[in-house]
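Visitor: Please pick a single part of this structure and give me a close look at it. Once that part is clear, tie it to the rest of the chain.

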Amino acid sequence: VIEMKGLYSALMCSFDEQGQVNEQGLREIVRHNIDVSKIDGLYVNGSTGENFLISTDQKKQIFDIVKDEVGSDVKLIAQIGALNIDEAVELGQFATELGYDAISAVTPFYYKFDFEEVTDYYTTILENVDNDLIIYSIPALTGVNMNLEQFGELFEHEKVIGVKFTAPDFFLLERIRHTFPDKLIYSGFDEMLLSASVLNVDGAIGSTFNVNGQRAKQIFELAQSGQIDEAREVQKVTNDLIGEILDNGLYQTIKEILKHKDVGAGTCRKPMKSLTEDGVIRAKQMAEKYL
Ligand code: NAY
């Protein structure tokens, strides 16, 4: 698992006005992440990829294009979690055959599943997909909160190699880190990267790394070498930017910033709204000020 450590962009996807995948734009986003943001890997079809707004065929199309563009330049994690368990298995098999380094699955959401059901979901995926798996925990969006013991139960399966931990709970994060030193922990909130890095996470997965990857890497590396004052400075600038992005509309603004870098990032899928004219101007100002 050591080679899976590092910083991963939660990859954006480019869509055209009809909501179809824009292949050229998607390839440009991938290249920007590798060549400019200098990330170690890509987390494909996560929340940031608007995964829960698109069809199974589109998910496969994206897995395909991204693998084709990346080759073996950086690590690839395929987010395959879905409420339809058959779809999750099918996508897991698909991404594994394409050569993705690991799969990841969001906890099942919406119906307020209990832990027995969550365990059954992961077991079904693990029994049917021949790949390592990273749990994707994002309680604020899924409603699924797991405690230390429950993470421990899921980690007992040797193919469960880690967790993408997207929660502002540093008590739990520290307990997981301490209790499971051999599992991979990826921090999921970019604005808390320094705090998570100090607790010795193995990496991070973030939406803003699509544009701010170099700073994210600095924060992570400075924290690892104990240069906390310097890391805090970079986190401060990063959070100035993230604050402005969140105020203006998260995914729309990151796409607009990418467009100012000549990356064909396209639009967001409905029902996500488009930026207003003012929002477009603000994104341009962010691009000029920070990137
Ligand atoms: C995903 O699956 O794409 C992620 O969850 C990546 C983590 C991001 N979470 C969400 C919900 O977008 O990067 C974060 C987040 O956008 C960022 O910290 C701003 O809050």
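Guide: Let's take helix α2, whose buried residues pack against α1 (23-35), β2 (41-44), β3 (75-79) and α3 (85-98). Packing here is judged by contacts, meaning two residues whose C-beta atoms, placed from the backbone, lie within 7 Å. Bear in mind that this is a predicted model, in which local features need pLDDT of at least 70 and side-chain atom pairs count only at pLDDT 80 or more, while totals for chains, interfaces and linings use all residues. Residue numbers run from 1 along each chain as its sequence is written. As for the element names, helices (H or I, at least four residues) and strands (E, at least two) are DSSP runs, numbered from the N terminus.

So who does the packing in α2? The buried set is Lys59, Ile62, Phe63, Ile65, Val66 and Val70. Buried means that 20 or more other C-beta atoms lie within 10 Å of the residue's own; 12 or fewer makes a residue exposed, anything in between is partly exposed, and the C-beta atoms are placed from the backbone. Asp57 also sits in this helix, which runs over residues 56-70, but Asp57 is exposed because it has 9 other C-beta atoms within 10 Å. Between Asp57 and Ala82 there are 14 Å from C-alpha to C-alpha, for a gap of 25 residues in sequence.

Now the geometry. With its 15 residues, α2 reaches 21 Å from first C-alpha to last, close to the 21 Å expected at 1.5 Å a residue; that expectation is 1.5 Å times one less than the number of residues. Just past the helix, Gly71 adopts a positive phi of about 60 degrees.

Skipping its neighbours within four places in sequence, Val66 contacts Leu11, Val30, Leu42, Val44 and Leu76. Val66 and Val44 are also the residues with the most contacts inside the largest nonpolar core, a set of 81 residues. Such a core is made of buried Ala, Val, Leu, Ile, Met, Phe, Trp, Tyr and Cys residues joined through C-beta atoms within 7 Å. The top contributor to that core is helix α9 (residues 209-224), with seven residues.

The C-alpha trace spans about 50 × 45 × 35 Å along its principal axes, and 47% of the 291 residues count as buried. Among contacts with a separation of 6 or more, 70% join residues 24 or more positions apart.

There's a ligand too, surrounded by 16 residues, the closest being Ala10, Gly46, Thr48, Gly206 and Ser207; a residue is near it if its C-beta atom, placed from the backbone, lies within 6 Å. By class, that shell has six nonpolar, eight polar and two charged residues. Nonpolar covers Ala, Val, Leu, Ile, Met, Phe, Trp, Tyr, Cys and Pro, charged covers Asp, Glu, Lys and Arg, and the others, Gly among them, are polar.

A few loop residues are worth a click as well. Lys38, in the loop between α1 and β2, has a positive phi near 60 degrees without being a glycine. Asp262, in the loop between α11 and α12, likewise takes a positive phi of about 65 degrees. Most residues other than glycine have a negative phi, and most peptide bonds are trans. The loop between α11 (250-260) and α12 (277-290) also holds Pro271, and the Lys270 to Pro271 peptide bond is cis, with omega near 5 degrees.

To finish, follow that loop to Leu275, which counts as partly exposed, with 18 C-beta neighbours inside 10 Å. Leaving out residues up to four places away in sequence, Leu275 touches Gly249, Gln252, Thr253, Glu256, Val280 and Ala283.
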